[in-house]
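Here's a quick walk through a model, going from the parts of one chain to the way chains pair up. Have a look at the sequence and structure first.

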Protein chains: 4
Amino acid sequence: MKNIPSPSGERLPVEILGATGMVGQHLITRLTEHPWFRIEALKASERSAGKRYGDTVDWALPQPIPRDIAQMEVLACEPSLPGRIALSGLDADIAGPIEEQFAEFGYPVVSNARNHRFDPDVPLLIPEVNRDHLAIIAHQRFAVGCIITNPNCSTVGITMALKPLQDAFGVEAADIVTLQAASGAGNRPGVSSLRLIDNTIPFIAGEEEKIQTEPKKILGTYRDGVIRPAEMAISAQCNRVPVRDGHTACVKVALRTRASLESVMAAFESYGSPLKELELPSAPDHPLIVHHHPAHPQPYFHRDLEDGMAASVGRIQPCGVLDYKFVVLSHNTVRGAAGAAILNAELLVRTALSQAIR
Amino acid sequence: MKNIPSPSGERLPVEILGATGMVGQHLITRLTEHPWFRIEALKASERSAGKRYGDTVDWALPQPIPRDIAQMEVLACEPSLPGRIALSGLDADIAGPIEEQFAEFGYPVVSNARNHRFDPDVPLLIPEVNRDHLAIIAHQRFAVGCIITNPNCSTVGITMALKPLQDAFGVEAADIVTLQAASGAGNRPGVSSLRLIDNTIPFIAGEEEKIQTEPKKILGTYRDGVIRPAEMAISAQCNRVPVRDGHTACVKVALRTRASLESVMAAFESYGSPLKELELPSAPDHPLIVHHHPAHPQPYFHRDLEDGMAASVGRIQPCGVLDYKFVVLSHNTVRGAAGAAILNAELLVRTALSQAIR
Amino acid sequence: MKNIPSPSGERLPVEILGATGMVGQHLITRLTEHPWFRIEALKASERSAGKRYGDTVDWALPQPIPRDIAQMEVLACEPSLPGRIALSGLDADIAGPIEEQFAEFGYPVVSNARNHRFDPDVPLLIPEVNRDHLAIIAHQRFAVGCIITNPNCSTVGITMALKPLQDAFGVEAADIVTLQAASGAGNRPGVSSLRLIDNTIPFIAGEEEKIQTEPKKILGTYRDGVIRPAEMAISAQCNRVPVRDGHTACVKVALRTRASLESVMAAFESYGSPLKELELPSAPDHPLIVHHHPAHPQPYFHRDLEDGMAASVGRIQPCGVLDYKFVVLSHNTVRGAAGAAILNAELLVRTALSQAIR
Amino acid sequence: MKNIPSPSGERLPVEILGATGMVGQHLITRLTEHPWFRIEALKASERSAGKRYGDTVDWALPQPIPRDIAQMEVLACEPSLPGRIALSGLDADIAGPIEEQFAEFGYPVVSNARNHRFDPDVPLLIPEVNRDHLAIIAHQRFAVGCIITNPNCSTVGITMALKPLQDAFGVEAADIVTLQAASGAGNRPGVSSLRLIDNTIPFIAGEEEKIQTEPKKILGTYRDGVIRPAEMAISAQCNRVPVRDGHTACVKVALRTRASLESVMAAFESYGSPLKELELPSAPDHPLIVHHHPAHPQPYFHRDLEDGMAASVGRIQPCGVLDYKFVVLSHNTVRGAAGAAILNAELLVRTALSQAIR
C-alpha cells in the first residue's frame with residue numbers, strides 16, 4: 001500500500017461491518033496501516049456483540065491480529081455516527097437491510113455483499129474499469145449516505161481482463177470456467193476438508209449467475225443517472241479446487257472486430273494504470289500483469305503480486321471455437337473482496353466525498 | 001471385472017511393456033485376476049531389466065503387488081514369441097519404434113502411448129464409440145502383428161460424452177477446460193508436490209493439442225481402409241489440480257441441429273452399453289452415467305464407478321454462448337489408460353483375433 | 001467380508017443410530033452385504049426424522065448409497081422392538097442417555113461413542129485383544145439389553161500394536177504422537193479446508209486424554225465382574241493432518257523385561273488372528289501386518305488392507321530414550337469406528353447372544 | 001530484515017553456491033535487499049553454468065526473481081576471488097570437497113550442507129544458542145578461509161526450544177516426532193505429489209540420525225579449540241506431511257532437575273534475544289515465541305513470524321512418561337536453511353571477520 005496522505009490530511013474514521021468473517025479479517029489487516037483510514041468500530045452479529053474482538057473471532061490469517069484491534073469491543077451492527085464510512089463484509093443473507101439502514105443514517109457504505117449490486121442506482125465498481133459509474137450515487141435516495149459495491153470475487157479478475165478487449169475490439173461472447181479457492185466459501189464452517197482433499201467440486205451456489213451478469217453491468221455505460229449494461233453473452237462453469245486463495249478463470253472470447261494475436265497481446269500489455277493520477281494508496285501500479293511463461297499464472301505463485309491487487313493474465317492463444325483464449329488469476333479475498341472494497345472507499349473519498357465530508 | 005470365459009476357453013499370454021511405470025502397474029493389477037489373460041512377461045527399460053520386479057518398481061498403488069508378479073524377473077523390451085499380446089504402457093519418448101518392432105515380430109500390440117495414434121492405418125479406439133475402426137488393422141503392413149491404440153487420458157471421457165450428442169444432433173464445436181489429476185503425469189518423478197500444494201497449474205505439455213485432435217479421429221467414419229475424421233471445432237485449456245486420480249472436463253458444445261434440453265438429457269441417458277452382446281470382461285454395464293445431483297460428478301466420489309470404467313456426466317445445462325454445457329469425469333489411469341488398453345485387447349481378442357490367433 | 005453364515009442361519013435385524021453421520025454412513029455401507037445382519041431401521045436426530053434417507057443425508061463416501069437404503073424413511077432415535085441390535089454411531093453429545101434408553105428397552109447396543117466406555121460394567125472391546133471382557137455384560141443392570149463399546153479411532157491401532165508387546169514383555173510406558181485424518185472430525189461441518197490446506201493442527205479436543213486412558217482398560221484384566229486396568233504410563237500428542245482417512249501413530253515404548261529387536265519383531269510377526277476359530281465375517285485374517293519397507297506404512301497405501309480391518313506396523317527400531325519405537329497405521333472410520341462396531345456386534349452374536357437372542 | 005549498516009559501512013560481495021536449488025533461491029530472495037551483502041556471483045552445477053540465471057532456474061518461490069539476478073550468468077562452482085563470502089546451498093552429495101576448495105582458496109564458507117557439520121574444527125551454529133562455538137574457526141587448517149555450518153532444517157527449531165530448558169534444568173532425554181514440510185526435499189524433483197496427496201510418509205532418509213546428533217554438538221561446550229557435545233539421549237521419528245513450508249516437532253523431555261510447569265513456561269518465555277547487542281539484520285527480536293492458544297503453533301499460520309526467523313513453541317504440558325511435552329514449529333527453508341546461513345554470515349562478519357577481512 002502506498003503511503004499517500006489523505007485528501008483531508010487526516011485519517012477518516014471507518015467502521016467494519018461483519019468484522020469477524022473472512023472479509024472482515026482481511027479488511028482489518030489491510031486497514032491497520034492505511035494512511036487514509038482508521039478503524040473506529042468493529043460491528044458484527046449478536047453472537048459477537050459485547051465481546052472482545054480477540055475472544056470472539058475465529059482468526060484465519062497468517063498475519064497476527066493487530067494488538068489494539070484484539071482489545072476492541074465488538075458492537076452490534078447498528079449505525080452510530082453519520083459521516084463515518086462503513087466497510088461491509090457482511091454475509092449476503094443479512095447485508096441487504098443493514099447496509100440500507102447505515103446509508104439512511106448517513107454513512108457512505110462500501111459493500112462487498114451481493115445484495116445491492118444490481119440496484120439501478122448503485123454502482124458496481126472496479127475503479128480501474130468503470131469509475132465513471134460512481135457518479136450514479138448522486139441519484140440515490142439517501143440524504144447524506146450512499147451505497148457502493150464491488151463485484152463477486154470471481155468477476156473482478158475476469159472483468160479486468162475483458163476490459164482492454166472490450167475497449168479495443170468489443171467482446172461479443174465469453175466462455176468461462178473457473179477454478180476457485182476454498183477461502184471464497186469463508187471460514188465458519190467453510191468447505192469441509194473431506195470435500196476438498198483429493199477432490200474438486202463442479203458447483204458453487206449462485207456463482208455462475210454472478211459471473212454471467214456482473215461483468216455486463218461493470219462494462220456498461222453510464223449516462224444521466226442510468227447504467228446500461230454491455231451487450232455480450234457470457235456462459236460460466238464454476239469449480240471449487242483445493243487451493244487456499246486465488247481464483248483462476250479459463251476464458252475464451254469472441255470479439256466484435258477481427259484482431260490479430262499481436263493486437264490482442266498489445267491490448268493487454270498496454271492496459272496501464274487508469275487510476276494513476278488519482279493517487280489511491282491501494283491502486284496497483286500494474287492492475288493487469290501479462291505472463292509469458294507457458295505455465296503461468298498460478299495461484300500460489302502469483303496471487304500476491306502488487307500486494308494482491310493485480311490480476312494476472314497468461315496463456316493468451318488463438319481459440320479454435322471462439323477467437324482467443326487466456327487464463328486470468330486474481331486473489332479472491334484481496335482483489336476480489338477486502339482490497340476491492342478499500343480501493344472503492346479510496347475512490348469515493350478522493351472523488352465524491354472530498355467536498356461532502358470535510 | 002466380469003468373469004466371462006475367453007473365446008478360446010484359455011487365458012492368453014500377454015506381455016506388459018513398460019511394466020514399472022504407473023500404467024504398467026495398473027495393467028498388472030487389473031490383469032492379475034483377468035479371466036482371458038495371464039501375464040507371461042514383464043518388460044521394461046535397461047535400468048530395470050534383469051532385476052526382480054518387486055525390487056525395481058516404485059510401486060504406487062494401494063493394492064499390494066501380486067506376490068508372484070513381485071518375484072518375476074523384468075526382461076528387456078524386446079519381442080520374444082510371436083502371437084503373444086503386448087500391452088504397452090511405454091512412455092511416448094521410446095514407445096514408437098519398440099511397438100513397431102513388436103508388431104513386426106508378430107505381436108498384436110495394444111498401446112497406450114500417443115506415438116501411433118495418428119498413423120492412418122492404426123485405429124484410435126474407444127470400444128463403446130468406434131469399434132468398427134478396428135477393421136483398419138487389416139490394412140496394416142505387418143504380416144501377423146498389428147498396433148491398436150487408446151486415446152489420451154483426457155480424451156476418453158470427453159469423447160464418450162460427445163458420442164451420443166454427435167449421433168443425435170451432430171457436434172459442431174466444443175469448448176473444453178480440464179482439471180486433471182496428478183497421476184496423469186506419472187510417478188517418477190511426476191509433478192513435484194511443491195507445485196501442487198495450495199496450487200493449480202494452467203498448462204500440461206501437449207495436452208491441449210491431443211484433446212483438440214483425438215476426438216475427431218475417434219468420432220470419424222471408417223470405410224474401405226480409411227478413417228475420415230469428424231468435422232468439428234475443438235478448443236481446449238488444460239489445468240493440473242491437486243487430485244490424485246480422475247480428470248474433470250467442463251464442456252460447452254454447439255450442436256448442428258436444434259435440440260431441447262430434454263432431448264439432450266435423453267441422448268445421454270439412453271446411451272446404454274453398445275458392447276453388451278460382445279461380452280467383454282472389462283466393459284462397464286453403464287459406460288456413461290448421468291448425475292442429477294447439482295454438485296456431481298466429483299473425482300474422489302465418482303472416479304471408481306463401474307470399476308473405474310464409466311464416464312460420469314453431470315450439470316447438463318443450456319449454455320448462453322454455445323448450446324449446452326456439462327461436466328464429464330473419468331478415471332484417467334483406468335478408463336484413460338490401463339483399463340482402456342485392456343478393453344481394447346478384449347475387443348481385439350473377441351473380434352479380430354478369434355480366428356487369427358487360435 | 002467373509003461370507004460366513006450367521007449362528008442362527010438368519011440375518012438379524014439391526015438399527016443404525018446416528019445413521020446420517022460419517023460413522024452411520026460407513027455402518028450402512030458395510031452392513032448392506034453383511035451375511036449376519038440386515039438393516040431394519042435408520043434412526044437419527046429430529047432434523048432428519050421423517051425424511052427419506054437419500055434426501056437428508058450428506059453422503060460422503062465414494063460407494064453410492066445403496067438404492068433401498070436411500071428410499072428408507074429416517075426414524076426418530078427411539079427404541080422400537082426389544083431384541084433388535086442397535087449399532088450406534090451417535091455423537092457423544094447425545095449418545096449417553098439414548099444408548100441407555102435402548103439398552104433398558106432390551107436392545108443390545110453396540111456403541112462407537114465415548115460416553116459409556118469407562119462405565120465399570122461396560123466392556124471397551126477390541127475382539128482380537130480383550131474379548132474375555134465381554135463377559136462383564138452379565139453384570140450390567142439391564143434386564144435384556146446391554147451396552148458394549150469400541151475404542152476411539154486412534155486407540156484401536158495403537159492398542160492392537162501394544163498387545164503382543166504387553167503379552168511378551170510387559171509395557172511399562174508409551175510415548176505416542178498421532179497424525180490423524182480429517183474424517184475423524186466428521187463431515188458436517190468437519191474441519192474447514194482453510195485449516196488443512198498447506199497446514200497441520202497440533203491439537204484435537206479430548207484426543208490425548210482418550211489415548212492416555214483407553215489402552216489401559218482394554219489391556220486390563222477381567223475377573224469376577226471387574227476390569228482392572230493395565231498399569232502403564234502413556235503420554236500422547238495429537239495432530240490433525242490433511243489426509244482423508246487413516247490415522248498414523250509414532251510410538252515409543254519402554255518394556256518391563258529386556259527384549260532383543262528380534263524378539264520384538266517376532267512378537268509382532270507371530271501375532272496371528274486370535275479370532276480365527278470364532279469365524280466372524282469382519283475379522284481380518286491378519287489383524288496386525290508388519291511392514292519391512294522403510295517408508296511404510298502410509299495412510300493412502302495401507303489403510304485399506306484386509307478391507308480396512310488390519311492395523312499396520314512398521315519402522316520397528318531400537319529407541320535411544322525408551323526401548324523400541326515403531327509406527328502404527330489403521331483406518332480410523334473402519335477399524336476405528338464402523339468396522340470395529342460391526343466386529344463387536346459379530347462377537348456379541350457369536351458368543352453372548354447365541355443363547356439369549358434365539 | 002533490519003536495516004542496520006554493515007560494520008565496514010559497505011555491502012560485502014558474496015557468492016551463492018548452488019544458486020539454482022531451493023536454498024539458493026531463498027538465499028537470493030533474502031540477500032537482494034540485505035544491507036550488508038551484495039550478490040557478486042551465482043555458481044551452480046555444470047548443467048546451469050554459462051546460462052542466464054532466469055533461463056536455467058526452476059524458480060519455485062512466490063516472490064519474483066529479482067530482475068538483475070535473472071540476467072546474471074551462472075558460473076561454474078569454482079573459487080574466483082579470496083575474501084569473498086561463499087553462501088553454500090549445495091546438495092550434500094557434492095558440497096563436501098567444493099566447500100573445502102573454496103575455504104582453501106580463502107573464502108569464508110557459510111554452508112547449509114551437512115557434510116562438514118561434524119568436522120571437529122567446524123562450528124555447527126545457531127547464533128542465539130552457541131555463538132561462542134564460532135571461536136573454533138581459529139583452529140581450522142585454512143590460511144584465510146574458513147567453514148561454518150548451520151544445522152539441519154528440523155534441528156534448528158528443536159534445538160532453539162531445548163536451549164532454555166538445558167540452561168535452566170538440564171535436558172536428560174528428548175523424544176521427538178516431526179511433521180516435515182515438502183520443501184525440505186527440494187524442488188527438482190522433490191517429493192512426487194502422488195506421494196503426498198491424501199498421504200503422509202513416516203520416513204525421511206538420514207533425518208532421524210541428524211536430529212539425534214546435531215542438537216548435542218550445538219548444545220555442547222566449547223573450550224580451547226574443542227567442542228564437547230552435550231550429554232543427552234535423543235530419539236526421533238520423522239514424517240513427511242503435505243505442507244509446503246514449516247516443520248513441526250512434537251517433543252517430550254526428561255529434565256535433570258525437577259521443574260514446575262510454571263518454571264518451564266518461564267524458561268521459554270524469558271528466553272529473549274541473546275543477539276540483541278550484536279545488531280544483526282536477520283536476528284529476530286523474539287527468536288522463541290510462546291503460544292498460548294491450545295491449537296497453536298501451526299505451519300501455515302506461524303511459519304512466517306519474525307520474517308520466518310522465529311521458532312514457535314506451544315502446547316507446553318506435563319508429560320506422563322518423561323517430564324514435559326510441547327510442540328515446536330519453525331520455517332524449514334528460512335530459519336532452517338537460507339535464513340540460518342545468512343544469520344551465520346552476519347555473525348561471522350560482526351565478530352570474526354571485522355578484523356580479518358577489511
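## Domains of chain A

Which domains does the domain assignment give for chain A? There's domain 1 (12–152 + 337–356) and domain 2 (153–332), with bounds that come from an automatic or database domain assignment.

A word on ground rules: this is a predicted model, where local features need pLDDT of at least 70, side-chain atom pairs count only at pLDDT 80 or more, and totals for chains, interfaces and linings use all residues. Residues are numbered from 1 along each chain as its sequence is written, while chains are lettered from A and ligands numbered from 1 in the order in which they are written.

The C-alpha centres of domain 1 and domain 2 of chain A sit 24 Å apart. Domain 1 of chain A puts 31 residues into the contact and domain 2 of chain A puts in 29; two residues are in contact if their C-beta atoms, placed from the backbone, lie within 7 Å.

On the domain 1 side, α5 (127–130) and α10 (334–356) of chain A each supply at least two residues. The top contributor there is α10(A), with 8 residues. By class, that side of domain 1 of chain A holds 17 nonpolar, 7 polar and 7 charged residues. Here Ala, Val, Leu, Ile, Met, Phe, Trp, Tyr, Cys and Pro are nonpolar, Asp, Glu, Lys and Arg are charged, and the others, Gly among them, are polar.

## Overall build

Chain A has 10 helices and 14 strands, counted as DSSP runs numbered from the N terminus (helices H or I, at least four residues; strands E, at least two). Its C-alpha trace spans about 60 × 50 × 35 Å along the principal axes.

Of the 358 residues of chain A, 59% are buried, meaning that 20 or more other C-beta atoms, placed from the backbone, lie within 10 Å of the residue's own. Take the contacts in chain A between residues at least 6 apart in sequence: 74% of them join residues at least 24 apart.

## Chain B against chain A

Here 35 residues of chain B are in contact with 35 residues of chain A. Several elements of chain B each supply at least two residues to its side, including β7 (171–180), β11 (247–255) and β13 (311–318). β10(B) gives the most, with 5 residues. The side of chain B that touches chain A splits into 19 nonpolar, 10 polar and 6 charged residues.

Note on methods
A residue is buried if 20 or more other C-beta atoms lie within 10 Å of its own, exposed if 12 or fewer, and partly exposed in between; C-beta atoms are placed from the backbone.
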